[in-house]
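The plan was to look things up one at a time and write each down.

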4 protein chains.
Amino acid sequence: MTDEHTDSDRETFAHDPIGHAEVRAGMTVEELTAEYGDGGIGASALHEAVDIYSEMLDDDVTNFLGLAGAMVPAGMRRIVADLIRDGHVDALVTTGANLTHDTIEAIGGKHHHGDVVAEDTTPREHDEQLRDEGVDRIYNVYLPQEFFTTFEKHLRAEVFPDLEDEGSVSIQRLTEELGRANTEVNEREDIKEGPGIAAAAYEHDVPIYCPAVQDSVLGLQAWMYSQTSEFMLDALADMTQITDIAYEAEQAGALVVGGGVPKNFVLQTMLVSPDAYDYAVQLTMDPPQTGGLSGATLDEARSWGKLEKAARNASVYADATITFPLLVAAARERIGE
Amino acid sequence: MTDEHTDSDRETFAHDPIGHAEVRAGMTVEELTAEYGDGGIGASALHEAVDIYSEMLDDDVTNFLGLAGAMVPAGMRRIVADLIRDGHVDALVTTGANLTHDTIEAIGGKHHHGDVVAEDTTPREHDEQLRDEGVDRIYNVYLPQEFFTTFEKHLRAEVFPDLEDEGSVSIQRLTEELGRANTEVNEREDIKEGPGIAAAAYEHDVPIYCPAVQDSVLGLQAWMYSQTSEFMLDALADMTQITDIAYEAEQAGALVVGGGVPKNFVLQTMLVSPDAYDYAVQLTMDPPQTGGLSGATLDEARSWGKLEKAARNASVYADATITFPLLVAAARERIGE
Amino acid sequence: MTDEHTDSDRETFAHDPIGHAEVRAGMTVEELTAEYGDGGIGASALHEAVDIYSEMLDDDVTNFLGLAGAMVPAGMRRIVADLIRDGHVDALVTTGANLTHDTIEAIGGKHHHGDVVAEDTTPREHDEQLRDEGVDRIYNVYLPQEFFTTFEKHLRAEVFPDLEDEGSVSIQRLTEELGRANTEVNEREDIKEGPGIAAAAYEHDVPIYCPAVQDSVLGLQAWMYSQTSEFMLDALADMTQITDIAYEAEQAGALVVGGGVPKNFVLQTMLVSPDAYDYAVQLTMDPPQTGGLSGATLDEARSWGKLEKAARNASVYADATITFPLLVAAARERIGE
Amino acid sequence: MTDEHTDSDRETFAHDPIGHAEVRAGMTVEELTAEYGDGGIGASALHEAVDIYSEMLDDDVTNFLGLAGAMVPAGMRRIVADLIRDGHVDALVTTGANLTHDTIEAIGGKHHHGDVVAEDTTPREHDEQLRDEGVDRIYNVYLPQEFFTTFEKHLRAEVFPDLEDEGSVSIQRLTEELGRANTEVNEREDIKEGPGIAAAAYEHDVPIYCPAVQDSVLGLQAWMYSQTSEFMLDALADMTQITDIAYEAEQAGALVVGGGVPKNFVLQTMLVSPDAYDYAVQLTMDPPQTGGLSGATLDEARSWGKLEKAARNASVYADATITFPLLVAAARERIGE
């Protein structure tokens, strides 16, 4: 274990020393993430993500947000809605599931904390019992199935009829109408929860794209309505609009929360644009080793030309229900909002 | 560490003993999976999966196959095509990416082994260089971008024109036409690779559903073609057909390889059917702890009514590029094909 | 999708609604974790962990801390040292690696940020080059090998000689002597970094246990010294001491950061104690699905009698370099330190 | 999406095409892994691992096997014992847990399949009930606690007394004596299970190292015995022996199953040897992104000089209870055993 390396080897070694993070009572979230920057592994990745996302919140950057499936049931709805309301999202790509659960909350429905809070532990028998009780489980979140009935009524009364006369409509047009309806119903006195993501997007003219809308209860309802009406969804229509947003962006940034279709749709938009993302941050729990798109590094996306060669990018491999609020709180503090 | 439990406690303990797996040169794959059944953890899960999938291959079971994104670049194309040709798939739900890569191989394009075979290690600089060389990376698989040009020509010459006259078409109709074109082009003498998944489905009248088709290069090409033609894709049209298949199934089984939209679309089909899956096997690398649908247990799906309360189900948490061939080889041996 | 469940079903449904987390610039870390409590999945688990750990910091709870391997290179050294200095650790179980890296920093050595900050991407060629340059890599942290030479000199001059005369010594006695030596050398004017974990433990009479000490550079050095001296380490001697601490605890709590030997040694101590842990929190990135101890749920530990049946426990499945600082900052704020 | 790359770019592209794996009923395990070699992601990694491990089984290679914790409860006991009996292991590094569970089986105790076979789902209530019934859970494996009493008797009657007179003994000496005792007791007519790993190692003069032996029930028993006897374990003594094996190896290979201390101890042995591993294969479910040693790539180990710069190495990120039997069966077939 002797070291034969000479000083001249050392001269070529120009790396910053690791500091040692310090935490104290009452520190702000940004102060915590500054401490992360002293460390390594995921801590340094999160610090880098805060640094990049703060730059992305600059007015000159056009921001795409990819939001995967269970974020609304997990309580991330208001953070997304507030980002939209504050002008920090220029295009949202999400799932039909998130829009379904967002709407259920908008119309007075409720998700609930399941019995199991901290451990991954619900057995077959438990799920059989939930089935008997009419309760759907999303990991440790429970949703009484009756709210899907309320959701169906809302869609059939407030959302689909207006679209029927427009013939074939884009999916973005459906999400816009959903946002309008959620805004209006949320003004009823008996509904106290905020109107949510679709409503915020509607009010602030932010388009929501949902490529796999048919893969959700929202999509199932749309299909059932289409069976007895002229209502029809055009699968390709939105791509002109989202491509134009990418095309016109001076600088473009992508915040990708979770993987799946939202991640890929955000990234692939740059395949038909002369430029690519200048900034990209992803928060994911999927490891790259599976080879799937969800966990793929952002460097891989660079080989495809989805990121500029000179882009700043960071991937944080940790539970997004923890890192997403942390990132947003820290970046907001950085830019002084 | 004394044990105060009496014999009467023990009488209520009726579990099978763990055996100890034995392996030897020349054993068949099915013999290996039989040994797995002696063990615990993932080995026992895989054995259970083989047991269930063997039952699913019975003639009376209608089989849905969900196939997530990188399976074709990872070399799983022929296994899927052979399952279709042998009558073991009644409906395939997959991604636009898989159909894109399947078609690239069908028309003579090639994916390649990247430099890095066994480790997860490709640095930013490496991806920058691949970008310069015009090579797209999918983990450890390389795809020269020129094949996307060949793909575009194929679509514009052989696939889209025939659909143009049909007005708004379903996504399944697009995949069917793709299968026909892939079958025909693959008969050219200079193309030696098999015609693949879409072709097998076309030839054997197996429908392919692809809810998020716009989230792929196939989708981008479809959109570009639609800009200058009457070609149009109906997002909702397929749901009648897939629901009918579920409705008419005496017994239904789901094999889910990877997560994402294919997994959910296969499972959610049962939400609008009086019955649910009697058998379900998933091969995934996503852990349930993320709370996302991709890693969710099949027991969770039972709470939603996507699986029958009495269904047999197994989840194998391991790399699907390893477990999928293993499962299929073992199940084929079991049923004596 | 009709819902046939009646109100009487609903009456039995007594779960708290999910709230929707809200974040804002300038919020404190504890305020952030309070918002996590509104959500589900990992966010709720982390909130529960803060809740439990705050109770554990009460004076009446005897706290065991398990600290796995790469936490010191990742910059978590000061947080651990501060917890010790503030009386929040009654017994520390860690690895020889952490003590090695802690000591390297104490004597003026430095870990460094590697080239790769946010992505997991260092190729074989890169590691070959680091080998040539005499730099060891720990994920994205670099350590020049020359510091192992300094470390060796420190051990041979300041640590081992004093122990030699004591005959066979316990591992805890070695770590104590290491702490004394680190304290003293750190007073030299040219060393500015804090004396660290072993030093804090020495100064505050907190025992450090390191069951697999031979599995580290510290252990290799101890072995080489033992070759030419009477120095000898007793593998079993510490167990009396740690068992006594567990035995005498009115209430016992375990904070487990990472898995491996530190986790198991902390937990197994209760197998020879009439009582078990009343509180337990683990921060891990290992999923339970591997079946290994590192990712095993704390509920599993309950079946063994390592946790009281009535214990409060939470497992957070996310990168511990992110969650450990977050947990400590929030809990410190809760108890008003 | 045009491709401007010319033929001259292409000339520098010299990668092998991905083939498409084919599976059929009755194929052997080696034939299956040959098909993996056509694919990418984990399949290609496993194929590479088979290729390397087959070379390692050559007579001229000195083989180290690292075996982490839950492999014996998971049913991998006989595969390890058979490798030892067939001369394919020159040094085994494992955990006290594996030796404990190996011995429990050797003396007639039994692990059992838990209720939950395929899903990760055992709730807190379930573990509370197991506690009441005196059953310990290891993921989906159950172990009645009464077998620990039998284990204690075996150790106190057959293992510890002989060692007592030897004064301070190495841990390897303890495992050797355990092997002898397991061999002898297993000859009793009422015990039908094979004598197992420790016995095979004893009979074939293969040393077993267990650096963290105190971190197990075996270690707890050793400690309790040491309280009332002269029995004493020397923590450092084994390192001379294992280092000598490494030193004398013409060529050295490491097969690492799982992470933790066994992995690191196998690898670090080369830090005090002039040479390093020529071959290394690891089977792990821990991703590198955690920064811990358990999931670290073998390339990282190269930077430390634990692997030769020119070494062949492969990491398979998938459940080792699946990949370990697969690897061994395929490699045995390759070498014609």
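**Entry on the model.** I note at the start that this is a predicted model.

**Entry on chain A.** I looked up the secondary structure first. Chain A has 14 helices and 11 strands. I then checked the radius of gyration of chain A, which is 22 Å. The globule rule gives 20 Å for 337 residues, so chain A is as compact as a globular protein of that length. I also took the box along the principal axes. The C-alpha atoms of chain A fill roughly 80 × 50 × 40 Å.

**Entry on packing in chain A.** I asked what share of the 337 residues in chain A is buried. The figure is 69%. Next I looked at contacts in chain A between residues at least 6 apart in sequence. Of these, 75% join residues at least 24 apart.

**Entry on domains.** Domain 1 is given as 29-60 + 250-337. Domain 2 is given as 95-239. I noted the distance between the centres of the two, taken over C-alpha atoms, as 27 Å.

**Entry on chains A and C.** I turned to the contact between these chains. Chain A puts in 87 residues and chain C puts in 86 residues. Which helix of chain A gives the largest share of the side that touches chain C? I found helix 14 (residues 320-334) of chain A, with 9 residues. I sorted the side of chain A that touches chain C by class: 38 residues are nonpolar, 27 are polar and 22 are charged.

**Entry on chains D and B.** Chain D brings 86 residues to the contact, and chain B brings 87 residues. On the side of chain D that touches chain B, helix 14 (residues 320-334) of chain D gives the most, with 9 residues. By class I recorded 38 nonpolar, 27 polar and 21 charged residues on that side of chain D.

I checked whether the copies share a surface: 100% of the contact residues of chain D recur in chain B, and the same surface serves both copies.

Methods:
Residues are numbered from 1 along each chain as its sequence is written. Chains are lettered from A and ligands numbered from 1 in the order in which they are written. This is a predicted model: local features need pLDDT of at least 70, side-chain atom pairs count only at pLDDT 80 or more; totals for chains, interfaces and linings use all residues. Two residues are in contact if their C-beta atoms, placed from the backbone, lie within 7 Å. Helices (H or I, at least four residues) and strands (E, at least two) are DSSP runs, numbered from the N terminus. Ala, Val, Leu, Ile, Met, Phe, Trp, Tyr, Cys and Pro count as nonpolar, Asp, Glu, Lys and Arg as charged, and the others, Gly among them, as polar. The radius of gyration is taken over C-alpha atoms; the globule rule is 2.2 Å times the number of residues to the power 0.38. A residue is buried if 20 or more other C-beta atoms lie within 10 Å of its own, exposed if 12 or fewer, and partly exposed in between; C-beta atoms are placed from the backbone. Domain bounds come from an automatic or database domain assignment.
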